[in-house]
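This briefing looks at charged side chains and how they pair. Please view the sequence and the structure first, then read on.

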Amino acid sequence: MVDDSFNFGEISAHLDHLIDTDPDEALRQARALSLEGPNRLNKMQLRAATLVNAGVQCQQQDAIDDGLALYRELHSQYPTANTVFNLGTAIVSSIGYSPDGAEWLDHKEGTRHARSEARACFWSVAQDAKASASARTQSWTNLANQLADSQRWSECHDARLAAMALDRKNGVAAHAAARYLIYCYQMGLCSDLAILEAAAY
């Protein structure tokens, strides 16, 4: 993986394959990837993505946090919509899932600033007219997921509708929106029109 033969596509595909098949090896190779030379930004991106994604697979918090630190450095040097989106995703991965029971509130309070930063990242990309439609609809969807995790249901539904307005084939947003409408109907919070809307999604 020297600079003279550096091929972003090949190495990215190789590391993606390892993430799915051998995440521990993916972490090892990502950490061994030199960040020196003219391809530094691309290499940082590869290492950061692998550390976060393989770290999630292996449940290695230190790897996720190292990847997040790289994304923060990338963002400071190259604040594109893609970098902002990846930063938000890395923050969410670092936070992890909210525990059930009595620890839920403590986790929410302890991660309040990080969750706010992640939402700001997704909001920024969702509102960026220069970003691709794919990046924007994914950002709306991720923002919706974060709002749902904080039980901000109405805002969450609005974010999913915004995601679908950009891409009617966004199955993640459509499925979640349909389930929310069915839940509201079952709770007696809306009329039969909600079922028709859910069926349309």
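Which side chain meets that of Lys108 in a salt bridge? The side chain of Asp149 does, at 2.9 Å from N to O, where a salt bridge is a side-chain nitrogen of Lys or Arg within 4 Å of a carboxyl oxygen of Asp or Glu. This is a predicted model, in which local features need pLDDT of at least 70 and side-chain atom pairs count only at pLDDT 80 or more, while totals for chains, interfaces and linings use all residues. Residues are numbered from 1 along each chain as its sequence is written, and side-chain values use heavy atoms, with hydrogens and water left out.

**The pair of Lys108 and Asp149**
- Lys108 counts as buried at 6% relative accessibility, whereas Asp149 counts as partly exposed at 29%; buried means under 20% relative accessible area, exposed over 50%, and partly exposed in between (1.4 Å probe, protein chains only).

**Other salt bridges**
- By the salt-bridge rule the count comes to 7.
- Arg112 forms a salt bridge with Glu109, with 3.3 Å between the closest N and O atoms; Arg112 is partly exposed at 40%, and Glu109 is partly exposed at 48%.
- Arg152 forms a salt bridge with Glu155, with 2.8 Å between the closest N and O atoms; Arg152 is partly exposed at 30%, and Glu155 is partly exposed at 39%.
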